[in-house]
Amino acid sequence: MFISWMFFKAHYPLPIVLSFLPVFIGTLISTYYDLQFNMFGLFCAVVSMFFTAIYQILVEHYQKVYNCDSLQLLFYQAPLSGLLLLIIVPFFEPISNLDKFMNFETITLILLCGFVAFFVNFSVFWVIGNLSAVAYNMIGHSKTLLIIFIGSFIFHEPLNQRQVFGLCFTMLGMTPSPSYTIGVDVGTGSVRCMIFDEKWAPVAQCQKPIRTFHSSSAPLEYEQSSEDIWEAICYCVRKSLEDKAFTSEELKRIRSIGFDATCSLVVIDEKYQPVSVSLSGSDEQNIIMWLDHRAHAEASIINSSSDEVLKNFGGKISLEMQPGKLMWLKRHLPKEQWERARHFFDLPDYLHFRATEQLDRSFCSSVCKLCYRSSVTTHGWDEKFWSKLDLDDLMANKCEKLGQIVRKPFSNSATDILCQKAANELGLPQGIHVGSPLIDAYAGALGGLACKSPIPDTQLSDRLVIVAGTSSCFMACSEKAVFVPGVWGPHYNVLIPNLWLSEGGQSAAGKSIDHVIQIHPAYNELKELAAKYDTSIFDVLNEVLTSLQKKYKLGNISFLSGDLHMTIDFHGNRSPLADAELGASITGLRFDTSLNNLAIQYLAVLQAVAYDSRHIIEAMTNAGHHFRVVQICGGLARIPLLTQIIADVAQMPVYVSDPNIDCVLLGSAISGQLVAEDAQQVQDLLNGIACPIETFMPDSKMTDFHKDKYEIYRLLQKTEIDSRQRMSKYCQS
């Protein structure tokens, strides 16, 4: 610990330092009274201890510096160790009489010792690489105490009072103290922060709105401010700490922080100051939001190129992704404004930069939103692709503007620590671990996978996670690449190490539900009732639907919307049609402006979300995915009626997490702590969390009803597409 602090600038919270003292003293007492000491032996032991400490610290240091795993480092270190021993052995061993010892038994024992030594060394490298040299020594001291205890039992040597005192004193330092981790989520309209304890139970949380720049004169453009977002993050973290009344000692037990955010584009200059993405020239507006649709023409140009990159995006790139927006910026901004821009970040990577002052980028954002190439065999920026878009200047200086270093998820690096400036702004200790940044939907998927599946023995690839909020993302892992038309991916190594991930999506899920409710003439009446009874508008609507079901004596609440059908393509269709121009349709409207009619329209739009979900699930399963269970997390997971309808429509079990657990924030917090080399390590950690769930089983009696309504849903979409094509000769798109 002292050597790490002195020479490698390692920072250890005071509780860890204090816990080390009784371990050291207790082990010394137990060992002293178990063995006999002499001065020469003491000298050899001290020298050995010093060099062993240096060796263990270097094992930790080089695994982080070179971003390699334990087996890789051992592969390079072992031959060098063997060579050094070969040089030294002749001076200490009687090699002149070596032939007397070279018999079958001796050679067998030597080979056996070498075999065992490999696993001993591998375990040393693995523990140090995944934990730390200090943690490894704690485990080593535990082993020493265990040897003393077992030796006393086996050889019938009673422990004296001093040894017993030493054992007990040592155990005091190994008593676990509460630790905390923080998850931060930057959504479309707000920043949220949640602090979790070591059992992954939330202990404090805070939410703060963030500003969006949007004008009716530019209806497709949505912009935000990186400074406004960072200030909101700092407020939420500090307010959470204040509400929980964290003491200075508890602050030191905060181990990590993780960030997730929407896939919005952040632009800064060479001094890391904001650069405007707006024609207004205001540097405050330096983020193009994910839902911004200004780059329609640019996305069309990219898709017409038929570049090989598009294969990993369902055949078409979305205008919500960054290449089209970067192309728009270069084509429309003043030249000097474009040339000022030195760094382009996806928002999650920008937050990691603000926290660590490191310009590293993540596979998650770079692969999924910036077309970074990643497969089992290769990875890197595709210069030919960017050159086709007249954006080859982004490739200058080893791709500095997009990121020279792009890192795999949950990889270990010595640079993933909270810098002093960010620590001061957030009110946190410097040096805590900063996790791999994640897109918000991917954080939701990670948190969702931490919930225990209701079906035993399900693998990661058996589970479809729907992260449902303003928009919805359908996240599916697979061991092999599965290409689905209209579905983004497959992307390799973007969430679970060494697995592929496909992402279907609904551009407007929750937003469609809100829209249908808010444009209805009875909306004000609904709000008044919700305020009167101090409840949510959804609770009021569910109560109205339940009353109507009883009134008409219907076997299922879904039958109330038998004559009303709609789609949810208000903001285009992301998956699987990949049609940004598609509009929504509704049929069955009447001159009814009552609250009852609003409730039925609310039911119809929930069903439309479910039918659109079925369309995505069918496309993914037809292409090769195999799902046994569906999980919903995010804001829409708190509408039980929607969850049940999706179970009935998909005819699969659907489960949601405990209401107290927010899967997106949980996933963000998990990413703060998680360091993993493969999928099994991730799954082991997630299985250890196993958040409680509520399961909704499908009603087989509703199969035919939803089958007919689903076919009508698809017919409405086809009619919308055909109508647009027929009228295109008269209307400009």
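The legends below describe close-up views of a predicted model.

**View B. The antiparallel pair of strand 17 and strand 19.** Strand 17 covers residues 472-478 and strand 19 covers residues 500-506. The two strands are joined by seven bridges. Ala476 has Ser502 of strand 19 as its bridge partner.

**View C. Helix 11 (residues 296-304) and its buried residues.** Glu298, Ala299 and Ile302 are the buried residues of this helix. They lie on the same side of helix 11, because the arc they cover around the axis is only 100°. An α-helix has 3.6 residues a turn, so residues three or four places apart point the same way. Helix 12 (322-332) and helix 16 (383-388) are among the elements that cover the buried residues of helix 11. Ser306 follows helix 11 and has a positive phi, near 55°.

**View D. The largest nonpolar core, with 86 residues.** Leu329, Phe344, Trp386, Tyr442 and Ile496 have the most contacts inside this core. Leaving aside residues up to four places away in sequence, Trp386 touches Pro323, Leu326, Leu370, Trp381, Leu391, Asp392, Leu394, Met395 and Leu402. In soluble globular proteins, nonpolar side chains tend to be buried together.

**View E. The aromatic pair of Tyr372 and Trp381.** The whole structure contains 15 aromatic pairs. In the pair formed by Tyr372 and Trp381, the ring centres are 4.9 Å apart. The planes stand at 85° to each other, and the pair is edge-to-face. Tyr372 has a relative accessibility of 8% and therefore counts as buried. Trp381 also counts as buried, because its relative accessibility is 13%, and the cut-off for buried is under 20%. Trp381 is also one of the residues that Trp386 touches.

**View F. An aromatic cluster.** The members of this cluster are Tyr272, Phe345, Tyr350 and Phe353.

Key
Residues are numbered from 1 along each chain as its sequence is written. This is a predicted model: local features need pLDDT of at least 70, side-chain atom pairs count only at pLDDT 80 or more; totals for chains, interfaces and linings use all residues. Side-chain values use heavy atoms; hydrogens and water are left out. Two strands pair if DSSP finds at least two bridges between them. Helices (H or I, at least four residues) and strands (E, at least two) are DSSP runs, numbered from the N terminus. Buried means under 20% relative accessible area, exposed over 50%, partly exposed in between (1.4 Å probe, protein chains only). The arc is that of the directions from the helix axis to the C-beta atoms. Contact means heavy atoms within 4.5 Å. A nonpolar core is a set of buried Ala, Val, Leu, Ile, Met, Phe, Trp, Tyr and Cys residues joined through side-chain atoms within 4.5 Å. Rings of Phe, Tyr and Trp (its six-membered ring) pair if their centres lie within 6.5 Å; planes under 30 degrees apart count as stacked, over 60 as edge-to-face and the rest as tilted.
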